[in-house]
Amino acid sequence: MYAIVDIASQQFKVEAGKQIFVNRQAAEVGASLVFDKVLLLDNEGTVKVGAPYVEGASGTATVIEHCKSDKVIIFKKERRKGIQKKNGHRQYLTKIQIEEIA
């Protein structure tokens, strides 16, 4: 059984027991999160597609840790002008474990 859920304006394919990284959530480590924006629900071949969300479907997850992603280097250069600019960015993430989909 899997579902496509909307978490913080991003869509994720989730299954029970899997761990995913999402944008930073305002919850403590060990807290439980409930996601009620389920776009698609697949129960062993029986597919329910929401318009826009599946009625009565929800998912629960547990916050494992807060972390940062790998650094992304942004380098801009204008050739023959001697202009160079280098920046870096690390996105704040939350690692969650999907407990169940109902």
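A8 is partly exposed in the predicted model, with a relative accessible area of 49%, where buried means under 20% relative accessible area, exposed over 50% and partly exposed in between (1.4 Å probe, protein chains only). A8 lies in the loop between β1 and β2, and its phi is near 55°, a positive value in a residue other than glycine. S9 is also placed in the loop between β1 and β2. Phi of S9 is near 65°, again positive in a residue that is not glycine, and S9 counts as exposed at 73% relative accessibility. The peptide bond from A51 to P52 is cis, with omega near 0°; P52 is placed in the loop between β6 (46-49) and β7.

Residues are numbered from 1 along each chain as its sequence is written, and side-chain values use heavy atoms, with hydrogens and water left out. As this is a predicted model, local features need pLDDT of at least 70 and side-chain atom pairs count only at pLDDT 80 or more, whereas totals for chains, interfaces and linings use all residues.

The protein holds 0 helices and 10 strands, where helices (H or I, at least four residues) and strands (E, at least two) are DSSP runs numbered from the N terminus. The radius of gyration of the protein is 19 Å, well over the 13 Å that the globule rule gives for 102 residues, so the protein is more spread out than a compact globule. Here the radius of gyration is taken over C-alpha atoms, and the globule rule is 2.2 Å times the number of residues to the power 0.38. The C-alpha trace spans about 60 × 30 × 20 Å along its principal axes. Of the 102 residues, 30% count as buried. Contact means heavy atoms within 4.5 Å; among the contacts with a separation of 6 or more, 62% are accounted for by residues 24 or more positions apart.

In soluble globular proteins, nonpolar side chains tend to be buried together. A nonpolar core is taken as a set of buried Ala, Val, Leu, Ile, Met, Phe, Trp, Tyr and Cys residues joined through side-chain atoms within 4.5 Å. The largest nonpolar core has 19 residues, of which A3, I7, V14, I20, V38, I96 and I98 touch the most other members. At least two residues of this core come from each of β1 (2-7), β2 (10-15), β3 (19-23), β4 (32-35), β5 (38-43), β7 and β10. With residues up to four places away in sequence not counted, I98 touches V14, E15, A16, G17, K18, I20, T60 and A61.

The count of cavities of 30 Å³ or more comes to 1. On a 1 Å grid over the protein atoms alone, a cavity is a set of points where a 1.4 Å probe fits but cannot get out, and lining residues have an atom within 4 Å of a point. Grid points are joined across faces, edges and corners, and a volume is the space filled by probe spheres set on the points. About 40 Å³ of space lies in the largest cavity, which is lined by V5, V14, F35, V38, S58, G59, T60, I98 and I101. β7 (59-68) and β10 (92-101) each supply at least two residues of this lining. The lining divides into 6 nonpolar, 3 polar and no charged residues, with Ala, Val, Leu, Ile, Met, Phe, Trp, Tyr, Cys and Pro counted as nonpolar, Asp, Glu, Lys and Arg as charged, and the others, Gly among them, as polar.

I64 is placed in strand β7 and counts as partly exposed at 31% relative accessibility. Leaving aside neighbours within four places in sequence, I64 is in contact with Q19, V29, K95, I96 and Q97. I64 and M1, 63 residues apart in sequence, are 22 Å apart in space, C-alpha to C-alpha. E65 also lies in strand β7 and is partly exposed, with a relative accessible area of 34%. Neighbours within four places aside, E65 is in contact with V29, L93, T94 and K95. The C-alpha atoms of E65 and R24 are separated by 9.9 Å, at 41 residues apart along the chain.

Q11 lies in strand β2 and is exposed, with a relative accessible area of 58%. Not counting residues up to four places away in sequence, Q11 touches I4, V5 and L39. Q11 and V22 are 11 residues apart in sequence and 9.8 Å apart in space, C-alpha to C-alpha.

Methods:
On a 1 Å grid over the protein atoms alone, a cavity is a set of points where a 1.4 Å probe fits but cannot get out, and a pocket is an open set with protein on both sides within 12 Å along at least five of seven lines; lining residues have an atom within 4 Å of a point.
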